[in-house]
Amino acid sequence: MALLVRVLRNRISQWGPVCSLLVPVSSTQAQWGRALSGTFQKIKIAALRMYTSCVEKTDFEEFFLRCQMPDTFNSWFLITLLHVWMCLVRMKQEGRSGKYMCRIIVHFMWEDVEQRGRVMGVNSYILKKNMILMTNNFYAAILGYDEGILSDDHGLAAALWRTFFNQKCEDPRQLELLVEYVRKQMQYLDSMNGEDLLLTGEVSWRPLVEKNPQSVLKPHSPTYNDEGL
């Protein structure tokens with residue numbers, strides 16, 4: 001797992017040029033597109049930072065231990081998916097720019113998943129099949145989590161049991177811990193300024209286990225350079 005994280009860090013510098021190719025601009029959009037291109041570029045960079053925070057600022061070892069998950073690629077994906085989903089929920093609140101950022105976050109996620117599969121030496125044919133399966137699971141999970149977060153704790157626990165634990169959790173304390181984690185994390189993300197998130201993408205995750213999960217500390221305001229990054 002440590003090797004895969006290092007691979008991600010090495011690829012971050014390579015993803016910058018990719019960002020500029022994600023959304024082509026037609027000739028009819030050229031005039032106003034030039035005015036917006038700077039903003040879109042900043043959002044793409046912020047999206048990369050936000051996705052990176054999901055895989056670099058998450059304590060995977062703590063999840064493996066507390067949730068009794070095997071240290072496998074699938075477990076890594078389930079944990080990453082949960083954090084990406086929380087980011088998507090938060091950014092969808094920021095209108096068109098937020099929804100655009102969500103698309104870019106998901107793009108980077110699949111880029112990373114595919115690269116990690118190659119690093120692990122997965123056969124290209126098998127990797128392609130797995131990617132299709134993971135894509136279907138991803139959208140099913142998003143729908144389930146969306147319903148769960150809008151429901152009470154029982155509804156959220158059911159969604160986590162189906163997706164995160166793959167219907168194999170027999171310890172209610174693990175479900176309770178994860179429900180509490182998602183609730184406090186969403187509360188923390190909601191306390192962050194939307195404009196700051198669109199410009200920086202910087203997200204810090206609260207610990208899986210802490211003494212006072214009900215308290216939400218106001219996040220520090222980010223600092224920007226002359227370009228707003």
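User: Why is Gln68 called exposed?

Analyst: Gln68 has a relative accessibility of 64%. Exposed means over 50% relative accessible area, buried under 20%, and partly exposed in between, with a 1.4 Å probe and protein chains only. The value of 64% is over 50%, and Gln68 therefore counts as exposed. The model is predicted: local features need pLDDT of at least 70, side-chain atom pairs count only at pLDDT 80 or more, and totals for chains, interfaces and linings use all residues. Residues are numbered from 1 along each chain as its sequence is written, and side-chain values use heavy atoms, with hydrogens and water left out.

User: How many helices and strands does the protein chain have?

Analyst: The count is 9 helices and 0 strands. Helices (H or I, at least four residues) and strands (E, at least two) are DSSP runs, numbered from the N terminus. Of the 229 residues of the chain, 46% count as buried.

User: Why is Thr58 called buried, and where is it found?

Analyst: Thr58 has 8% relative accessibility and therefore counts as buried. This residue is found in the loop between helix H2 (30-56) and helix H3 (60-66).

User: Which residues does Thr58 touch, and how do you know that its side chain makes a polar contact with Cys54?

Analyst: Leaving aside residues up to four places away in sequence, Thr58 touches Ser53, Phe63, Ile79, His83 and Trp205. Contact means heavy atoms within 4.5 Å. A polar contact is a pair of N or O atoms within 3.5 Å; within protein, one must be able to donate a hydrogen and the other to accept it, and residues adjacent in sequence count only if both atoms are side-chain atoms. A polar atom of the Thr58 side chain lies 2.7 Å from the backbone oxygen of Cys54, and this distance is within the 3.5 Å limit.

User: What makes Ser53 a buried residue?

Analyst: Ser53 is buried because its relative accessible area is 3%. Ser53 is found in helix H2 and touches Thr58, Val203 and Trp205, not counting residues up to four places away in sequence.

User: How do you know that the buried residues of H7 lie on the same side?

Analyst: The buried residues of helix H7 (residues 153-163) are Leu156, Ala157, Ala159, Leu160 and Thr163. They cover an arc of only 160° around the axis, which puts them on the same side of H7; the arc is that of the directions from the helix axis to the C-beta atoms. These buried residues pack against helix H4 (73-91), helix H6 (124-150) and helix H8 (172-190). At the start of H7, a side-chain oxygen of Asp152 reaches to within 3.1 Å of the backbone nitrogen of His154.

User: How much space lies in the largest pocket, and which residues are closest to its centre?

Analyst: About 540 Å³ of space lies in it. Of the 25 lining residues, those closest to the centre are Asn74, Leu78, Phe164, Phe165 and Asn166. On a 1 Å grid over the protein atoms alone, a pocket is an open set of points where a 1.4 Å probe fits, with protein on both sides within 12 Å along at least five of seven lines; lining residues have an atom within 4 Å of a point. The volume is the space filled by probe spheres set on the points, which are joined across faces, edges and corners.

User: Which element gives the most to this lining?

Analyst: H4 gives the most to the lining of the largest pocket, with 6 residues.
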